Amino acid sequence: MAGGGVAALGVKKERAADYKGRMTWAVAMACLVAAVGGSIFGYDIGISGGVTSMDPFLEKFFPVVFRRKNSGHQNNYCKYDNQGLSAFTSSLYLAGLVSSLFASPVTRNYGRRASIVCGGISFLIGAILNVTAVNLAMLILGRIMLGVGIGFGNQGVPLYLSEMAPAHLRGALNMMFQLATTLGIFTANMINYGTQNINPWGWRLSLGLAAAPALLMTVGGLLLPETPNSLIERGRSEEGRRVLERIRGTAEVDAEFMDMTEASELANTIENPFRNILERRNRPQLVMAVCMPAFQILTGINSILFYAPVLFQTMGFGADASLYSSVITGAVLCLSTLISIGTVDRLGRRKLLISGGIQMIVCQVIVAVILGVKFGTDKQLSRSYSIAVVLVICLFVMAFGWSWGPLGWTVPSEIFPLETRSAGQSITVAVNLFFTFVIAQAFLSLLCAFKFGIFLFFAGWITVMTVFVYLFLPETKGVPIEEMVLLWRKHWFWKKVMPDMPLEDGWGAGDGERADDKNHS
C-alpha cells in the first residue's frame with residue numbers, strides 16, 4: 001500500500017487549465033445510454049407504491065392489509081401498517097446493499113461496463129420472477145434479484161458518467177442518472193394509473209414492464225465504450241488514450257491523460273481499496289460518501305415517492321385520486337431535475353443543496369401543521385386542504401429534484417481519487433440502500449406512531465444536512481475529477497484533518513489557507 005509523500009496523492013499538480021476537448025456525440029450518446037440504468041431505480045420506486053395500493057395485489061399476497069384497508073373503522077394512519085407489506089418494498093434495498101459491496105471489485109477489475117451489464121441481467125431476472133409470482137416467497141425472491149440489479153447499476157452508472165464527462169459539464173451529464181430515475185418514477189406512476197382497473201392482473205403488468213429498462217441497460221452496457229480512466233487503471237493505456245481522444249474530439253489530451261496516468265499509477269499499488277479509504281488523507285471523501293447518500297434518504301423523499309398512493313389514500317383520497325396525485329408528484333420531480341441539469345455547472349453544487357434544503361424544511365413543516373390541525377385518526381381532509389397538501393408536497397418534491405435528488409449521487413461520484421473510486425462508490429450505494437431499506441421498512445409504522453409528526457421528523461434531518469453542506473462541503477464545480485483530491489487541502493476544516501504532503505507548483509498548506517475563504521463561501 002502506498003505510504004506518505006507526493007506519490008500518495010497520485011495527481012501531483014493542477015493541469016485543468018490545459019485540458020482540451022469539447023462536448024462530443026460520443027459522450028452524449030454514451031451518457032444517454034448509461035443513464036438508462038437510473039430509470040430502473042426510478043421505475044421500482046414509483047411502481048412499488050402503486051402496486052401495494054391495488055386491491056387484487058393486496059388480496060392475493062397481503063389479505064390482512066386488504067381487509068384492514070376496506071374496514072370502515074380502521075385508524076387512518078395505521079391501515080397499511082404491516083411488516084410483510086413493508087418487506088415487499090424494502091427487501092429490494094437490502095439485497096442492493098449487499099450486492100453493491102460485491103460490485104466494487106467487479107467495477108474495478110473488469111470495468112464500469114461490466115457492472116452495468118450485470119445489473120441489467122439481474123434486474124431482468126427479477127422482473128420475470130415478479131410478473132410470474134404465485135406466492136409471497138416468489139415475489140420476495142424477485143425483489144431480491146431486482147435489488148442485486150440496482151446494487152450493480154448504481155455502482156457502475158454514476159462512475160461511468162463522471163469519468164466520461166468533460167470537467168466543465170460533469171455535473172449536468174452526471175445528472176442524466178437522476179433524470180432517468182425521475183423519468184422512471186413518472187413512467188411507473190403513469191403505468192400504475194393505467195393498470196389499476198385491469199382486474200385481476202393489472203399489478204402483474206406493472207411489475208413486468210420493469211423488464212423494458214433492464215433490457216435497454218443490458219444491451220447498452222454491451223455496446224458502450226469503456227471509460228478511459230478504467231482502461232488506463234487496468235493497464236490498457238494506449239486504448240485508453242484512443243477512447244479519450246474520441247470522446248473529447250481532439251488529439252490534444254496530454255494534460256488529462258497525464259492526470260489519469262498518475263492516478264492509475266497509485267491505484268495499481270493499492271491492494272485493498274476499502275482499507276485504503278480509511279486513511280486520514282481520504283477522510284473527507286469517506287465522510288461525504290456516508291453523509292451525502294444518508295442525508296438524501298433522510299429528506300423523506302423515498303417515503304413520499306414509493307408510498308405516495310398509500311400516503312394519499314391515508315389522507316382520504318380515493319384510489320383513483322391518490323394514484324393521480326402521485327403521477328403529478330412524479331412529473332414535478334422529473335421537470336425539476338431539468339432545472340438542476342441547467343444550473344448545476346453554473347451556480348455550483350452548494351447553492352442548489354442549501355436553497356433546496358431550506359425550501360424542503362418549509363414544506364415539511366406546512367404539511368405537518370395542516371395534518372395536525374385538520375386531519376386525525378378518524379376524520380378526512382376537506383377538498384381544499386387536500387389540494388393544499390398535494391401542492392405543498394409538489395413544492396417539496398420540486399426542491400428535492402433540483403438539489404439533493406441529483407446531487408446526492410453526483411457529489412460522491414466525483415470526489416474520489418481513482419485508487420478508491422470504486423470502493424467509495426460502493427460505500428455510497430450501500431449507505432443509500434441501507435437508509436432506503438430502513439425508511440422503507442419503518443415508514444408505515446412510523447406514520448402510525450408519529451402521525452403528522454413524521455413530517456417534522458424529516459424536517460429536522462433536512463435542517464441538519466443543510467448546515468452540514470454549508471460548513472463542510474467545498475464547491476466542486478469545474479474541478480477535474482482526477483484533481484479533486486487537491487481541493488480538500490484548501491478547505492477551512494478538511495485541511496486540518498488531512499496529513500501534510502508537499503505538492504508541486506506551490507500547492508501546499510499555505511495555498512489552502514489563501515483559498516480558504518473562496519471555498520467556504
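Tutor: Let us begin with a term needed for locating residues. Helices are DSSP runs of H or I with at least four residues, numbered from the N terminus. Please note also that this is a predicted model.

Student: With that term in hand, where is P200 found?

Tutor: P200 is found in the loop between α8 (176-195) and α9 (202-208).

Student: Is the peptide bond from N199 to P200 cis or trans?

Tutor: The general idea comes first: most peptide bonds are trans. Here, the bond that leads from N199 to P200 is cis, its omega being near 0°.

Student: How is a pair of aromatic rings described?

Tutor: One gives the distance of the centres and the angle of the planes.

Student: Which parts of the chain does the pair of F472 and F493 link?

Tutor: It links distant parts: F472 belongs to helix α23 (residues 453-472), while F493 lies in the loop between α24 (484-487) and α25 (494-497), 21 residues apart. F472 also forms a tilted pair with W494, at 6.2 Å centre to centre and with 55° between the planes. Because F472 lies in helix α23 and W494 in helix α25, this pair ties together parts that are 22 residues apart in sequence.

Student: Which residues form the aromatic cluster?

Tutor: F472, F493 and W494 form one aromatic cluster together with F295, W404, F468, W488 and W492.

Student: Which charged residues lie over rings?

Tutor: Two cases may be named. K60 has its charged end over the ring of F61, 5.7 Å from the centre of that ring. R241 lies over the face of F257, with 5.2 Å to the ring centre.

Student: Which residues make the nonpolar surface patch?

Tutor: V365, V369, V373, F452 and L456 make this patch, which covers about 400 Å². Helix α19 (residues 349-374) supplies the largest share, three residues. F452 lies in the loop between α22 (418-450) and α23, and with 34% relative accessibility F452 counts as partly exposed.

Note on methods
Residues numbered from 1 in each chain as written. Predicted model: local features only at pLDDT ≥ 70, side-chain atom pairs only at ≥ 80, totals over all residues. Heavy atoms only, no water. Helix = DSSP H or I, 4+ residues; strand = E, 2+ residues; numbered from the N terminus. Phe/Tyr/Trp six-rings, centres within 6.5 Å; stacked < 30°, edge-to-face > 60°. Lys NZ or Arg CZ within 6 Å of the ring centre and 35° of its normal. Patch = residues over 30% accessible without salt bridge, like charges linked within 9 Å, V, L, I, M, F, W, Y side chains within 5 Å. Areas by Shrake-Rupley, 256 points an atom, 1.4 Å probe, with all protein chains shown as cover. Salt bridge = Lys/Arg side-chain N within 4 Å of Asp/Glu carboxyl O. Buried < 20%, exposed > 50% of the residue type's maximum accessible area, 1.4 Å probe, protein only.
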